[in-house]
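Reader: Please take one part of this model, the nonpolar core, and go through it closely. Then place it against the rest of the chain.

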Amino acid sequence: MAAAGSSKTANLLLCLTMISFVQLAQSSPSGDKGIKGFHGKKLSFTLYQQETINKTSYMVVGGVAGAGVSETTTPFGTVYVFRDDLTVRAERSSRVAGVVEGTSVTTSFDGLRSLSLGKITLDHRGHRGSVSVLGGTHNTRPSDCPVVGGTGDFGYAVGYVRTSPVNLRARGSSVTFKVEFHLYWPPYAHYAPTSKH
Ligand SMILES: *[C@@H]1O[C@H](CO)[C@@H](O)[C@H](O)[C@H]1NC(C)=O
């Protein structure tokens, strides 16, 4: 009796397991081969942001108070708009894997901190789409910017992007930033509708 009972339970469990597998297979949207296997998981990679003042980044509003313009500070209220390439290595000549389009506004009176927002469009390691970031950045220290969402293969990504200057005292007006992506897809992302990038 007990043996029959446990075998029934085993059968039921097997059946439920199989139903779960079928449901998982059916709910996997077609055309997501590039992202299959990392929903609910993590993805980390590093790229390098190449910025040149008056070429890929422009000051569009002058600041009004606080610190003056120096190598590391800008007056409170200064607004920059940028469109910088993201390369796979620190060298400017290395392969371009994406672009970051964004703006930053100086929000501290010591001229060191800004509110930054950006759309990062990527085509890297078989993943295509964009990641949107919004948060505070520091001119001389590593800054963590929360990822607020994404499109394409990065739809529903969360996590953060850590930006740190590689060569602060660069020759001329060119600066390179190391950009470390730490992305995570919560389990619900698997069931959410997909968007284009
Ligand atoms: C960028 O251009 C502005 C306006 O022409 C100029 O005042 C500034 O010195 C330039 N900055 C650099 C780093 O070349």
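Author: What follows starts with the chain as a whole, turns to the core, and ends with some individual residues and the ligand.

The model is predicted. The chain has 1 helix and 9 strands, and along the sequence the order is α-β-β-β-β-β-β-β-β-β. Of its 197 residues, 39% are buried. Among contacts between residues at least 6 apart in sequence, 52% join residues at least 24 apart. The chain exposes about 11,500 Å², and carbon and sulfur atoms supply 60% of that area.

In soluble globular proteins, nonpolar side chains tend to be buried together. The largest nonpolar core here holds 21 residues, and the members that touch the most others are F45, L122, F154, F181 and L183. Two or more residues each come from strand 1 (42-52), strand 3 (79-87), strand 4 (96-106), strand 5 (113-124), strand 6 (127-138), strand 7 (143-152) and strand 9 (174-184).

L183 can be followed residue by residue. Leaving out residues up to four places away in sequence, L183 touches K41, K42, L43 and F45, and also V131, V147, F154 and V158. Two of these partners, F45 and F154, are themselves on the list of core members that touch the most others.

F45 also has an aromatic partner. A pair of aromatic rings is described by the distance of the centres and the angle of the planes. The structure holds 3 aromatic pairs. One of them joins F45 and F181; it is stacked, with 4.6 Å between the centres and 20° between the planes. This pair links distant parts of the chain, since F45 lies in strand 1 and F181 in strand 9, 136 residues apart. F45 and F181 are both buried.

Take S104 and G152. S104 is in strand 4, and its relative accessibility is 14%, so S104 counts as buried. Apart from neighbours within four places in sequence, S104 is in contact with T78, V79, Y80 and F82 on one stretch of the list and with S114, L115 and S116 on the other. G152 is in strand 7. With a relative accessible area of 19%, G152 is buried because the cut-off is under 20%. G152 and K196 are 44 residues apart in sequence, yet their C-alpha atoms are 4.8 Å apart in space.

Most residues other than glycine have a negative phi. N54, in the loop between strand 1 and strand 2 (57-61), has a positive phi near 70°. R125, in the loop between strand 5 and strand 6, has a positive phi near 50°. N54 is exposed, with a relative accessible area of 54%, and R125 is exposed as well, at 60%.

N54 also belongs to the ligand site. The residues around the ligand are I53, N54 and S173. An oxygen atom of the ligand is 2.3 Å from an N or O atom in the N54 side chain. Taken alone, the ligand exposes 360 Å², of which the protein buries 25%.

Key: Residues are numbered from 1 along each chain as its sequence is written. This is a predicted model: local features need pLDDT of at least 70, side-chain atom pairs count only at pLDDT 80 or more; totals for chains, interfaces and linings use all residues. Side-chain values use heavy atoms; hydrogens and water are left out. A nonpolar core is a set of buried Ala, Val, Leu, Ile, Met, Phe, Trp, Tyr and Cys residues joined through side-chain atoms within 4.5 Å. Buried means under 20% relative accessible area, exposed over 50%, partly exposed in between (1.4 Å probe, protein chains only). Helices (H or I, at least four residues) and strands (E, at least two) are DSSP runs, numbered from the N terminus. Contact means heavy atoms within 4.5 Å. Accessible areas come from the Shrake-Rupley method with a 1.4 Å probe; for residues, only the protein chains shown count as cover. A residue is near a molecule or strand if one of its heavy atoms lies within 4 Å of it. A polar contact is a pair of N or O atoms within 3.5 Å; within protein, one must be able to donate a hydrogen and the other to accept it, and residues adjacent in sequence count only if both atoms are side-chain atoms. Rings of Phe, Tyr and Trp (its six-membered ring) pair if their centres lie within 6.5 Å; planes under 30 degrees apart count as stacked, over 60 as edge-to-face and the rest as tilted.
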